[in-house]
Amino acid sequence: MHWLILGCVGAGAAYASIGFAFHVAEKDRISPHQLAIIQSLAGGLFCLALAWRAIPLIDAPFAAVSLGTGVAQYLAVRLQQPALARGPFSLMLCAQMLVFVPATCYGWLFLGETATVWSMLAAVAAIAAVIVGALAAGGGTHAAISGKRRARLIYGLLLLAMLILGAESNIANKALEQRSADFAAVANVWLLLLFTGLFICSLADNLARRAIPWRSRNFYLGGGIAGACSLTGMSLQNMVMAGPASLVFTLINASGIVAAALIGTLLRREKRDAACYAGL
């Protein structure tokens, strides 16, 4: 159990550390969906070196789900801009950080995991922390919610889509672990195909828009850092995937929130008020 908890905390911290990569890329006004090109390329090449012998062990459904997860992750990132054009950053952040809720419910409903009082309280506490933390970030909104019903509806649908797309990775990871006789043997193949789907989408999208900052050093530096952080987080998550979904995903996201707050304070000099500390 101690190793399970440490693995979850480490995964959450690694995911949150991608914020440092974004901080580096922002110096040249490089967006997350542009950074995804180098992030996925670096992660994919590393996984290829480890996974190529195990590729024959997977079947077509495994490959389809893994590639589809990469596509879903890119779509989740790509929806950030239209969401921010219609509503506040704080609510979008809330939707992104609540991705553990569908995965936890998946474990309860489809995997027969027991919804104990403690696990339900943990989930409720994590949800409350995310909401309080998002409200604390309200002062840094990029836009105010429009008073028009259509704009509100589109904004809500965008947040719902981001929540579902973000949660798909966790659900797919857990589902593949359950259906694989030896998931440890093909875990790197799962990551390889996920990075491949992400790379294809990010490269095609940015090429079509002619928006790839080839000459920026921070494009490669930030992308490499993001790739290393995401690879570390996913690898640690794979190691603890045999644990209960209600514990694994809740703990990963909770530790990620704390780590993200520390990164924001240290790198961005963000001010912390009473609501933020209550959320933490």
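Helix 10 (residues 183-208) and helix 11 (residues 217-239) have axes that come within 10 Å and cross at roughly 145°. Axes here are lines fitted to C-alpha atoms, for helices over the stretch in contact, and angles run from 0 to 180 degrees between N-to-C directions. The model is predicted: local features need pLDDT of at least 70, side-chain atom pairs count only at pLDDT 80 or more, and totals for chains, interfaces and linings use all residues. Residues are numbered from 1 along each chain as its sequence is written, and side-chain values use heavy atoms, leaving out hydrogens and water.

**Helix 10 and helix 11**

- The crossing of these two helices is right-handed, meaning that the near helix is turned clockwise from the far one by less than a right angle.
- Helix 10 makes the contact (heavy atoms within 4.5 Å) through Phe183, Ala187, Trp190, Leu191, Leu194 and Phe195, and helix 11 through Ser230, Leu231, Met234, Ser235 and Asn238.
- By class, eight of the contact residues are nonpolar, three are polar and none is charged.

**The whole chain**

- The protein chain has 13 helices and zero strands; these are DSSP runs, with helices (H or I) of at least four residues and strands (E) of at least two, numbered from the N terminus.
- Of the 280 residues in the protein chain, 46% are buried, where buried means under 20% relative accessible area, exposed over 50%, and partly exposed in between (1.4 Å probe, protein chains only).
- Among contacts between residues at least 6 apart in sequence, 87% join residues at least 24 apart.

**Helix 9**

- Helix 9 (residues 149-179) has 31 residues and should span 45 Å at 1.5 Å a residue, which agrees with the 44 Å between its end C-alpha atoms. The expected span is 1.5 Å times one less than the number of residues.
- A kink of about 30° in helix 9 is centred on glutamate 168; the bend at a residue is the angle between axes fitted to the seven residues ending there and the seven starting there.

**Loop residues**

- Most residues other than glycine have a negative phi.
- Arginine 29, in the loop between helix 2 (18-26) and helix 3 (32-51), has a positive phi near 55° and is exposed at 81% relative accessible area.
- Arginine 210 lies in the loop between helix 10 and helix 11, has a positive phi near 50° and is exposed at 79% relative accessibility.
- Serine 216 is in the loop between helix 10 and helix 11 and is buried, with a relative accessible area of 11%.
- Leaving aside neighbours within four places in sequence, serine 216 is in contact with Asp28 and Ile30.

Key:
Nonpolar A, V, L, I, M, F, W, Y, C, P; charged D, E, K, R; others polar.
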